[in-house]
Amino acid sequence: MRDSSLSAAPADAWNVGDVALSSRFLLGTAGYPSPQVLGDAIQASATQIVTVGLKRQLAAAGDNGFIEIIRGAMKTQGARLLPNTAGCRTAREAIQLAHMSRELYDTPWVKLEVVGDEYTLQPDPIELIEAARQLARDGFTVFPYCTDDLVTCKRLLDAGCPLLMPWGAPIGSGQGLINPFALRTLRERLPDVVLIVDAGIGAPSHAAQALEMGYDAVLLNSAVSQSPDPVRMAGAFRQAIEAGRAAYRAGVMTRQDFAVATTPVTGNPFLIGG
């Protein structure tokens, strides 16, 4: 039986615009061994946002029921589709693809990706900001995939993005949060902005770490799809994300540079009321 104490309560919902969400797990859909496994992984994750690459769908020349499988799995848990512009290299290309996705999937949501380096797949900040500004003007809800650079993130907010998706590490690397200092800085400097760690997460512990730091959610794909057991791994990530959020709300103890005895050697170990 699922432990209800770890479940996100309605009072702990987070928002994208006027859409309230309880799950803090966003799941990608690429690289699964079969559509059935993908559908089962979506169910196990309890995700409410599922991403799909429009370029990949167009290149497939027919999805063999791929989208219908996703929609069927999503329907039972009230999930939404988040098309992405993965593979785009310029603002113009990303803008065109975003408009196509809105027509095909009937949603103003778009995960905006504009790659600037072929080796790291690092986002191009100039093209990304330009595309975000135009898409926001065109009525899109833009989820920008960006680095953890504070100045770039501020410019994306100025461009009209309602949230930010800084990377934890390069896409598909599984390295986890390679620059915790930068991610903590973003959380501290942008306390009222929805922040989602996107890319580089390889293990449930990485996702828990992001939630413990106060991030609102995580988006991942390869860590689940490339697991020998994607369905079980999706469930493991769900539990880790819920635990990380619960730990953040409870309050993680402050780190110390020296030992602190857990049991006092003098006085009373407990405060006893009179």
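Which way do the residues of strand S10 (residues 217–220) point, and are they buried or exposed?

Modeller: The model is predicted, so local features are taken only at pLDDT of at least 70 and side-chain atom pairs only at pLDDT 80 or more, while totals for chains, interfaces and linings use all residues. Residues are numbered from 1 along each chain as its sequence is written, and side-chain values use heavy atoms, with hydrogens and water left out.

From strand S10, Ala217 and Leu219 point one way, Val218 and Leu220 point the other way, and all are buried. Buried means under 20% relative accessible area, exposed means over 50%, and partly exposed lies in between (1.4 Å probe, protein chains only). Helices (H or I, at least four residues) and strands (E, at least two) are DSSP runs numbered from the N terminus.

Strand S10 pairs with strand S3 (residues 25–27) in the parallel sense over three bridges; pairing requires that DSSP find at least two bridges between two strands. In this pairing, leucine 26 stands opposite leucine 219 of S10. Strand S9 (residues 194–198) also runs parallel to S10 and is joined to it by three bridges. Here valine 197 stands opposite valine 218 of S10. Between S9 and S10 the chain passes through helix H8 (residues 204–212), and this β-α-β crossover is right-handed. The term means that, with the strands pointing away from the viewer, the path from the first strand over the helix to the second runs clockwise.

The loop between S9 and H8 contains alanine 199. Its phi is near 90°, a positive value in a residue other than glycine. Most residues other than glycine have a negative phi. At 10% relative accessibility, alanine 199 counts as buried.

Rings of Phe, Tyr and Trp (its six-membered ring) pair if their centres lie within 6.5 Å; planes under 30 degrees apart count as stacked, over 60 as edge-to-face and the rest as tilted. By this rule the count comes to two aromatic pairs. The ring centres of phenylalanine 25 and phenylalanine 237 are 6.2 Å apart and the planes stand at 45°, so this pair is tilted. Phenylalanine 25, at 2% relative accessibility, counts as buried, as does phenylalanine 237 at 0%. Tryptophan 109 and phenylalanine 143 form a tilted aromatic pair, with 5.2 Å from centre to centre and 50° between the planes. Tryptophan 109 belongs to strand S6 (residues 109–112) and phenylalanine 143 to strand S7 (residues 141–146), so this pair ties together parts that are 34 residues apart in sequence.

As for the chain as a whole, its secondary structure comes to ten helices and ten strands. Of its 274 residues, 46% count as buried. Among contacts (heavy atoms within 4.5 Å) between residues at least 6 apart in sequence, 65% join residues at least 24 apart.
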